[in-house]
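User: I would like to go through the labels used for this model. For each one, set the value against the cut-off and conclude.

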Amino acid sequence: MAERGDEFRDLDVPSLQGARPNMPTLLTFVGAVAMLYLARDVFLPIAIALLLTFALAPVVTTLRRVGLSRVLAVISTVLFAFSLIAVVSLVIALQVSHLARSIPTYQANVVSKIETMREAGSGTGVVSQISAVLERISREISEMSSEVASDDAPPKPVLVEIYAPDHPIQVLTNLIVPLLAPVAMAGLVIVVVIFMLLEREDLRDRFIRLVGYGDLHRTTEALEDAGTRVGHYLLMQLVVNILYGVPVALGLWLIGIPNAILWGLLAIVFRFLPYIGPIIAMILPLFLAVAVAPGWTMLIWTAALFIVMELVINNVVEPTLYGSKTGLSPLAVIVSAIFWAWIWGPVGLVLSTPLTVCLVVLGKHVPQFGFLQVLFGSDPVLAPHARLYQRLLAGDPDEATDQAEERLEEDYLIDYYATVAIPALVLAERDRARGVMSEEQRLRVAESGLTLVANMDDIALEEAEEDDGDDALVEPDGEKEAVAEAGAGQRILCIGGRGELDDVTAAMLAQVLRVEGAHAATESFRQMEPARIRQIPVRDLDTVVICYLNQDSLKHARFAVRRLKRIYAALRVGVALWKPGEDEEEPDLKAAVAAGAALNADFLCTDMTTAAIAALTKAPVVPLATPGKVRARRRLVADRPKVVSLR
């Protein structure tokens, strides 16, 4: 049982321990959500101040390196940041006031466009029919109201409103009271930001002492990771928004939209809202374009401006500046926006992404909250070979091919088979051996695997036609060219050992050998049956490679090798006993030959690279030994490893 666990650890299958929340963790999570919702008036300014501290901390650090004292660096940074925010807010307020005074002048254009649309629709009769129905309903309601009014009913009392001018103090109170809450929150945020920047190192030490004193390395790494991600996100978000808002303002000014500065500033602000922000920033100028000009040209140009800017920002600017620094999946951004908007309203919508980044960092470094990284993180949660096995098990070779093509943009085909495909098939073989895979599933995996190999034919052909001197096959003794020349024209048969899954690995090896110039063919494992083995055209072959996924197949391999050599003594017969491993070692052909001696085989390989080299190498054939010599050879190599890990 322990050996089986060790084997699965060798496959590097991602462990779900720490990613599966237990009941105490769920209760803690629910309690934290309830506390954040009920005490939002307390936590909201602290959260805003914390994120501003992350954003301003690099500026303070830079000023201190220049030579300013801590207090002077903090005060100057905070003063500049909040002064900039105040100036932007003042400009927006003035622009909104000017726009409000100008709106009545656009009424004629709006009415004209509505009449134009009505006249355009009247030709089809749809608008006129709807208008007629509405008029008929209104007329019937009026008739019913007149019948009711004709009854003898007491006259309705007339409402009389007594007007009294407001006292100046009351007017002042009505103006000031609504502003108290936001002004008080802004002042509280400024004070908290100043103290957080002044006491940043002390707060860091206290946090480490409180939650991570027993593991300083992990806690320090978590703090640095959170600070880097959040600070980078906020800075890049501001840069992206400015690169979006400034061209929008200039474009609207050139088009002729009034208050272009206002719309540019609002575009910068609204883009802090995930997904819906750009839509809100675009709708307002579009409505204004309808109201300003009597025609439709201004509306078309305005819509084109926003569409072009969105395409440029989303496909060029953001991928260049953001990269993968946030570590959030697109779905996580949407879900977090909904969650934080429910908890803290519009302000929570703005803070949703950086707050979720902090949660992902928490899940990355704290095992109890590992499920947060699985849910919201952008890193793959399955190893490549596990993803491939899952797709093969689901009978989806198309997605498996897509994943392989992405991998093959950087790797050679032989490397993909060695590090991804063979380990995936080993997982399948172990599930079959444990009895957890049904017959239908096994056949589905094998069929999907063969389809995957067939889909790789074009890539194999491209690699075979490459003539840039960069070869994927490397011979351990520096004799790559000699091996390649010797392999050209070699007649090699790759055959499955004991099942359909072995046939898939044989097809992979044959494809790799064809890339290297050999004439490689494949046969099913059924051809190794005693009644069919003599049908193999061994006299037309140079080498036969028998492929096995099951590590307990040495006895079966020994009998298969002896049967083939009895048929044709001059035939080279090798065994590929696939054993996945992440540790890449230099292929050792001599070790493979020594390991195969105990089986009376010409070589015994455990990885794709060594198997290809051994099959392509021309070497003297190991003669078929008598039973006595076989026993002596077993005693001679008893101290040697039977299976050598070569990659």
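User: How many disulfides does the structure hold, and what makes a pair of cysteines count as one?
Analyst: The structure holds zero disulfides; a disulfide is a pair of cysteine sulfur atoms within 2.5 Å. For C494, the nearest cysteine sulfur is that of C547, 5.6 Å away, and C494 is in no disulfide. C547 is likewise in no disulfide, with the sulfur of C494 as its nearest at 5.6 Å. This is a predicted model, in which local features need pLDDT of at least 70 and side-chain atom pairs count only at pLDDT 80 or more, while totals for chains, interfaces and linings use all residues. Residues are numbered from 1 along each chain as its sequence is written, and side-chain values use heavy atoms, with hydrogens and water left out.

User: Why is C494 called buried?
Analyst: Buried means under 20% relative accessible area, exposed means over 50%, and partly exposed lies in between (1.4 Å probe, protein chains only). C494 has 0% relative accessibility, so it counts as buried. C547 also has a relative accessible area of 0% and is therefore buried.

User: Why are α3 and α4 called oblique?
Analyst: Helix α3 (residues 40-66) and helix α4 (residues 70-102) pack at an angle of about 130 degrees, with their axes 9 Å apart. Axes are lines fitted to C-alpha atoms, for helices over the stretch in contact, and angles run from 0 to 180 degrees between N-to-C directions. Helices (H or I, at least four residues) and strands (E, at least two) are DSSP runs, numbered from the N terminus. Angles under 35 degrees count as roughly parallel, over 145 as roughly antiparallel, 65 to 115 as roughly perpendicular and the rest as oblique. The pair α3 and α4 is therefore oblique.

User: Which residues of α3 and α4 meet, and what classes are they?
Analyst: Contact means heavy atoms within 4.5 Å. On the α3 side are L52, L56, V59, V60, L63 and R64, which meet R70, A73, V74, S76, T77, A81 and F82 of α4. The contact has nine nonpolar, two polar and two charged residues. Here Ala, Val, Leu, Ile, Met, Phe, Trp, Tyr, Cys and Pro count as nonpolar, Asp, Glu, Lys and Arg as charged, and the others, Gly among them, as polar.

User: What makes α15 and α17 oblique to each other?
Analyst: The axes of helix α15 (residues 384-393) and helix α17 (residues 413-434) come within 8 Å and cross at roughly 55 degrees. That angle puts α15 and α17 in the oblique class, therefore. The residues of their contact divide into 13 nonpolar, two polar and one charged.

User: Why is Q95 called buried, and what does Q95 touch?
Analyst: Q95 lies in helix α4. Its relative accessible area is 18%, so Q95 is buried. Leaving aside residues up to four places away in sequence, Q95 touches N259, I261 and L262.

User: What is the phi of N259, and is N259 buried or exposed?
Analyst: N259 is not a glycine, yet has a positive phi of about 55 degrees. Most residues other than glycine have a negative phi. N259 is found in the loop between α9 (216-255) and α10, and its 11% relative accessibility means that N259 counts as buried.

User: How do you know that α10 is mostly covered?
Analyst: In helix α10 (residues 260-270), eight of its 11 residues are buried. Among them are L262, W263 and G264.
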